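The following note sets out numbered points on the model shown below.

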Amino acid sequence: MSDKTTITSPMPGVFYRRPDPDDPPFVEPGDEVEEGETVGLVEVMKNFHDIEADSSGTVGEFLVEDEAEIEADQPLVEVE
Amino acid sequence: MIEIEEGGIATTIQDLGRTGHYHIGMPPSGAMDRYAHTVANYLVGNDADAATVEMTYQGITATFREDAVIAITGADMSPRVNGDPIETWRSVAVEAGDELALSFATEGARAYLAVAGGIDVPKVMGSGSTYTLVGIGGHEGRALEAGDELSIGESNDGDELVGTRVGDEYVPTYADEETVRIVLGLTDYRLTEAAKETLCNAEWTVSSEADRVGYRLEGPDLEFEEREQPFGAGTDPSNVVDLGYPIGSIQVPNQPIVLMQDAVTGGGYATVGTVISADRGLLAQRQTHDSVYFEAVDVDDAHAAREERNERLEAVRAAIDGGI
């Protein structure tokens, strides 16, 4: 029995999976995450905003590419 | 008092701005969408210049510690009081203990929360507006954060206005407003004729670097007239000898940046056009990735548009006073 949640973006912007272009991604599919853990960043208005897991679980599929342009409320990643 | 529980992503206190200090490099700041800000104030019985809460893309969650009359205008952020949806562009009574929560913007980019009596912040150089780049005005010169407490000013007649809603004809549909009018100049002579046409005909897209200082747009490259650069202008063809940048001016380091309320006040980029004052609020409601088109008009048209906008606001105020 697994509850799948989808993390959506609260704002439009550009989605990043890494804290810095030279760094590894925050998380990969299959990783365990705690509630509140950062799974990506959205850049808008020259600021970076953390996208955090809203529940603990296993990271599923990323629904957008790294550095993709995203809209508000767009699904970003699944957590099971 | 209003207690902020979640501050949103770029929430500041704004009024109509800090005028008269541009020459010392102090931009006006003030509400990015003056129309929505002003209507929110009228709905709660305030003057146009009372301080409101400007929220960008993501709204606040806050608890009222006293009874108040509020109105929310501008971008639709699905506001709720104690979980129940409330109408926007309408004056609403809230009680001590009520929680107001706004979500992300589904249409438009900036929402305004006005409270009868205004948000009570100290005036700095004549204005309560926040200018975050130097950390003055508003609430401690910065964006709102969880734990902040906002005082509410004395109110006269907010209670009488509860339930007042402005007519649909006065409520903008931001999703449809993708054309903003511009006046070409001051230094549009630096663009080739073809580039001027491109500026006015191309589809521009709001980049993720678009904030209260400036809106960076993406689209085709603009070509400059070739010339030997004058002394003091720098070598880049987009450079001129320094000049003051009008608010709304479109500078083109390569692609356009429209300067907004927290503008850099001067420098050496060619400013090839200026978004007219009546349409700057519409530009400020365009979201990242939204399209923008420029339509060139002359200065008389720009003045007429400003007059028309002021008459609209006057009509809104008269209708509210008459009890719509």
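A salt bridge is taken here as a side-chain nitrogen of Lys or Arg within 4 Å of a carboxyl oxygen of Asp or Glu. By this rule B:Arg212 pairs with B:Glu54, with 2.7 Å between the closest N and O atoms.

1. Basis of the note. The model is predicted, so that local features need pLDDT of at least 70 and side-chain atom pairs count only at pLDDT 80 or more, whereas totals for chains, interfaces and linings use all residues. Residues are numbered from 1 along each chain as its sequence is written, chains are lettered from A and ligands numbered from 1 in the order in which they are written, and side-chain values use heavy atoms, with hydrogens and water left out.

2. Domains of chain B. Chain B is divided into domain 1 (2–172) and domain 2 (180–304); such bounds come from an automatic or database domain assignment. The contact (heavy atoms within 4.5 Å) takes 26 residues from domain 1 of chain B and 20 residues from domain 2 of chain B. The C-alpha centres of the two domains of chain B are 29 Å apart.

3. Area between the domains. Buried area is the accessible area (1.4 Å probe) that two parts lose on being put together, summed over both. For domain 1 and domain 2 of chain B this comes to about 1700 Å², with 48% of it on carbon and sulfur atoms. Of the area that domain 1 of chain B buries against domain 2 of chain B, 39% is supplied by B:Tyr22, B:Met32 and B:Tyr57, more than by any other three residues.

4. Polar links between the domains. The interface of domain 1 and domain 2 of chain B has 14 residue pairs in polar contact, both residues at pLDDT 80 or more. A polar contact is a pair of N or O atoms within 3.5 Å; within protein, one must be able to donate a hydrogen and the other to accept it, and residues adjacent in sequence count only if both atoms are side-chain atoms. On the side of domain 1 of chain B that touches domain 2 of chain B, the elements giving two or more residues are strand 2 (12–14), strand 5 (68–76) and strand 10 (107–115) of chain B. Strand 10 of chain B gives the most, with four residues. Helices (H or I, at least four residues) and strands (E, at least two) are DSSP runs, numbered from the N terminus.

5. The salt bridge between the domains. One salt bridge is counted between domain 1 and domain 2 of chain B, and the side chains of B:Glu54 and B:Arg212 meet in a salt bridge at 2.7 Å, N to O. B:Arg212 belongs to the loop between strand 14 (204–210) and strand 15 (214–218) of chain B, while B:Glu54 is in strand 3 of chain B, 158 residues apart. Are these two residues buried or exposed? B:Arg212 is buried because its relative accessible area is 10%, and B:Glu54 is buried because its value is 0%; buried means under 20% relative accessible area, exposed over 50%, and partly exposed in between (1.4 Å probe, protein chains only).

6. Other salt bridges. Over all chains, the whole structure has 19 salt bridges. One of them joins B:Glu209 and B:Arg216, with the closest N and O atoms 4.0 Å apart; B:Glu209 is partly exposed at 30% relative accessibility, and B:Arg216 is partly exposed at 29%. B:Arg142 and B:Glu145 form a salt bridge at 3.9 Å, and B:Glu145 is partly exposed at 43%. A network of salt bridges links B:Glu87, B:Arg90, B:Arg165 and B:Asp168.

7. Helix 1 of chain B. Nine of the 10 residues of helix 1 (residues 34–43) of chain B are buried. The cover over these buried residues includes strand 3 (52–56), strand 8 (91–94) and helix 4 (299–321) of chain B. At the N-terminal end, B:Asp33 caps the helix, with a side-chain oxygen 3.2 Å from the backbone nitrogen of B:Tyr35. Just after helix 1 of chain B, B:Gly45 has a positive phi of about 85 degrees.

8. B:Thr73. This residue lies in strand 5 of chain B and counts as buried because its relative accessibility is 1%. The side chain of B:Thr73 reaches the backbone oxygen of B:Ala36 at 2.7 Å. Not counting residues up to four places away in sequence, the residues that B:Thr73 touches include B:His37, B:Ala40, B:Trp89 and B:Tyr112.
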